[in-house]
Amino acid sequence: MQNSKKQKPQQRVDDGLYTVKLKDLRFTKNDMGTRVHWVFEFTDLPPVDGNLPTLIRTTSPSIGNTSKRREIIEALDPSLKEMLDNTPFAQVSGQSLIGKTCKAHVNNRANKAGVVFSNMEMFFPCYDAAANELGKLKTAATKKVAEKDSTAANDAE
């Protein structure tokens, strides 16, 4: 396993809410168990060296109600929400999600070594812009970040 304290970020994306497309999905095993690596392209940013900026979000394989994997799946395909409640983990295939888009909230934070990484922290379904849903997503993202920061601060006390 690589030590993230010594790594430098491969790409950096400014804080904000972006449209992302799932480019690849990989499962790996390490000392933390099975991990899911979601590779996202940022479709509303200009290419860098001929390629769209790309970030990877790593999750556990859990699809519990509060899991990050479930949040990503539901953002990429909201029609799967009901299915996830009644389907065993082994029957949920992520390959059908490749090429689908959603919104991702990026927040840059330093790790314990002080290296700043771009982290995709929250995921939301894409909605029709004419319905003005983007404004609602930005508000929800800001609220979730504030709640997360508040919870983390309370846990640290």
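Two strands pair if DSSP finds at least two bridges between them. In this predicted model, local features need pLDDT of at least 70 and side-chain atom pairs count only at pLDDT 80 or more, while totals for chains, interfaces and linings use all residues. Residues are numbered from 1 along each chain as its sequence is written, and side-chain values use heavy atoms, with hydrogens and water left out. The chain holds three helices and five strands, where helices (H or I, at least four residues) and strands (E, at least two) are DSSP runs numbered from the N terminus. Along the sequence their pattern is β-β-β-α-α-β-β-α.

**Confidence**

- The average pLDDT of the chain is 80, and 69% of the residues score at least 70; pLDDT is the predictor's confidence in each residue, from 0 to 100.
- Over residues 1–5 the pLDDT stays under 50, and the model has nine contacts beyond four places in sequence for them; contact means heavy atoms within 4.5 Å.

- The five strands form an open sheet in the order 3-2-1-4-5, with antiparallel pairing.
- Strand 3 (54–59) and strand 5 are at the edges with a single partner strand each, so one side of each has no neighbour in the sheet.
- From one strand to the next, the twist averages 40°; axes are lines fitted to C-alpha atoms, for helices over the stretch in contact, and angles run from 0 to 180 degrees between N-to-C directions.
- Strand 1 and strand 2 are antiparallel and joined by 10 bridges, with L22 opposite F40 in strand 2.
- A hairpin through two residues connects strand 1 to strand 2.
- Strand 2 and strand 3 run antiparallel with six bridges between them; there, E41 stands opposite T54 and V39 has I56 as its bridge partner.
- Strand 1 is joined to strand 4 by six bridges, and the two run antiparallel.
- In strand 4, A104 is the bridge partner of Y18, and T101 stands opposite K21.
- Strand 4 and strand 5, also antiparallel, are joined by eight bridges, and A110 stands opposite V116 in strand 5.
- Five residues lie between strand 4 and strand 5 in their hairpin, and G114 in the turn has a positive phi of about 90°.
- Strand 3 has L55, R57 and T59 on its covered face and T54, I56 and T58 on its uncovered one.

- Helix 1 lies across strand 1, strand 2, strand 3, strand 4 and strand 5, and runs at about 60° to strand 5.
- Eight of the nine residues of helix 1 are buried, so the rest of the structure largely encloses it; buried means under 20% relative accessible area, exposed over 50%, and partly exposed in between (1.4 Å probe, protein chains only).
- The buried residues of helix 1 are K68, R69, R70, I72, I73, E74, A75 and L76.
- The largest nonpolar core has 22 residues, of which W38, F40, F42, L76, M120 and F123 touch the most other members.
- At least two residues of this core come from each of strand 1 (16–30), strand 2 (33–42), helix 1 (68–76), strand 4 (101–110) and strand 5 (116–124).
- A nonpolar core is a set of buried Ala, Val, Leu, Ile, Met, Phe, Trp, Tyr and Cys residues joined through side-chain atoms within 4.5 Å.
- Not counting residues up to four places away in sequence, L76 touches L22, W38, F40, L97, K100, T101 and C102.
- In soluble globular proteins, nonpolar side chains tend to be buried together.

**R12, before the sheet**

- R12 belongs to the segment before strand 1 and counts as exposed because its relative accessibility is 51%.
- Its contacts, leaving aside neighbours within four places in sequence, are N108, V116 and S118.
- R12 and N119 are 107 residues apart in sequence, but 9.1 Å apart in space, C-alpha to C-alpha.

**Whole-chain totals**

- Of the 157 residues in the chain, 34% are buried.
- Among contacts between residues at least 6 apart in sequence, 50% join residues at least 24 apart.
- The chain has an accessible surface of about 9,600 Å², with 50% of it belonging to carbon and sulfur atoms; accessible areas come from the Shrake-Rupley method with a 1.4 Å probe, and for residues only the protein chains shown count as cover.
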